[in-house]
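This report describes selected features of a protein model. Please keep the sequence and structure at hand while reading.

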Amino acid sequence: GQSLEQPSEVTAVEGAIVQINCTYQTSGFYGLSWYQQHDGGAPTFLSYNALDGLEETGRFSSFLSRSDSYGYLLLQELQMKDSASYFCAVGDYGQNFVFGPGTRLSVLP
Amino acid sequence: DTAVSQTPKYLVTQMGNDKSIKCEQNLGHDTMYWYKQDSKKFLKIMFSYNNKELIINETVPNRFSPKSPDKAHLNLHINSLELGDSAVYFCASSQAGGSTDTQYFGPGTRLTVL
């Protein structure tokens with residue numbers, strides 16, 4: 001089976017940096033993805049890590065350590081529009097795709 | 001152009017009824033999915049389907065059945081609706097269906113069972 005853990009809530013102020021952690025236990029592993037979901041909206045893809053290290057896309061970066069079964073999403077220069085839920089997700093050797101419970105990020109002025 | 005579309009956006013119905021949700025993608029993707037997101041925002045895969053294989057999450061009741069008339073469409077039929085079926089249902093698609101593929105989600109269908 002697979003299980004993922006994330007903090008349920010994170011709060012930060014505009015302009016700050018926030019890190020959302022994700023730990024996982026899987027029977028097989030192809031990579032760690034991150035999705036963003038605004039209230040009332042659909043999940044949208046942010047980033048994907050298949051190998052160890054940091055992937056940077058603009059203000060967002062994602063990190064993976066396969067040996068530690070751990071990853072994180074780093075959001076820099078926070079903006080109000082970044083207030084949303086963030087989900088890590090793991091794909092395994094089949095077509096199985098499992099999402100974490102989500103972290104609700106609140107950005108304060 | 002909407003990449004993944006679903007209809008209806010809202011669905012309110014009585015217990016015991018049968019209902020369908022339609023999904024269409026114009027991305028040319030090979031694999032489509034149905035997800036259920038409950039009130040606590042847990043997002044769980046229900047089905048993944050391409051023209052070769054249907055994979056069913058074993059926890060999904062057999063009252064739920066996907067039907068795909070062609071590669072661009074994957075509809076969800078639900079029989080004998082129960083209160084616990086109330087949730088937001090998302091359709092998604094990906095290029096090839098491997099677990100490394102980016103998934104593109106539809107806007108969701110909010111189902112309320114009374």
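How many salt bridges does the rule find across the interface of chain A and chain B? The rule finds one, a salt bridge being a side-chain nitrogen of Lys or Arg within 4 Å of a carboxyl oxygen of Asp or Glu. It joins A:Asp39 to B:Lys41, with the closest N and O atoms 3.7 Å apart.

This is a predicted model, in which local features need pLDDT of at least 70 and side-chain atom pairs count only at pLDDT 80 or more, while totals for chains, interfaces and linings use all residues. Residues are numbered from 1 along each chain as its sequence is written, chains are lettered from A and ligands numbered from 1 in the order in which they are written, and side-chain values use heavy atoms, with hydrogens and water left out.

**The interface**

Two residue pairs, both at pLDDT 80 or more, are in polar contact between chain A and chain B; such a contact is a pair of N or O atoms within 3.5 Å, where within protein one must be able to donate a hydrogen and the other to accept it, and residues adjacent in sequence count only if both atoms are side-chain atoms. Chain A contributes 19 residues and chain B 21 residues to the contact, defined by heavy atoms within 4.5 Å. About 1700 Å² is buried between the two chains, 54% of it from carbon and sulfur atoms; this is the accessible area (1.4 Å probe) lost on putting the two parts together, summed over both.

**Strand E11 of chain A**

Strands are DSSP runs (E, at least two residues) numbered from the N terminus, and two of them pair if DSSP finds at least two bridges between them. Strand E11 of chain A spans residues 103-108, with A:Thr103, A:Leu105 and A:Val107 on a covered face and A:Arg104, A:Ser106 and A:Leu108 on an uncovered one. In a regular strand the side chains alternate between the two faces of the sheet. The pairings of E11(A) are listed below.

| Partner strand in chain A | Sense and bridges | Residues standing opposite |
|---|---|---|
| E2 (residues 9-13) | parallel, five bridges | A:Glu9 and A:Arg104 |

**B:Asp85**

B:Asp85 is found in the loop between strands E8 (73-78) and E9 (87-94) of chain B. B:Asp85 is buried, with a relative accessible area of 4% (buried means under 20%, exposed over 50%, partly exposed in between, with a 1.4 Å probe and protein chains only). A polar atom of its side chain lies 2.8 Å from the backbone nitrogen of B:Glu82.

Notes
Helices (H or I, at least four residues) and strands (E, at least two) are DSSP runs, numbered from the N terminus.
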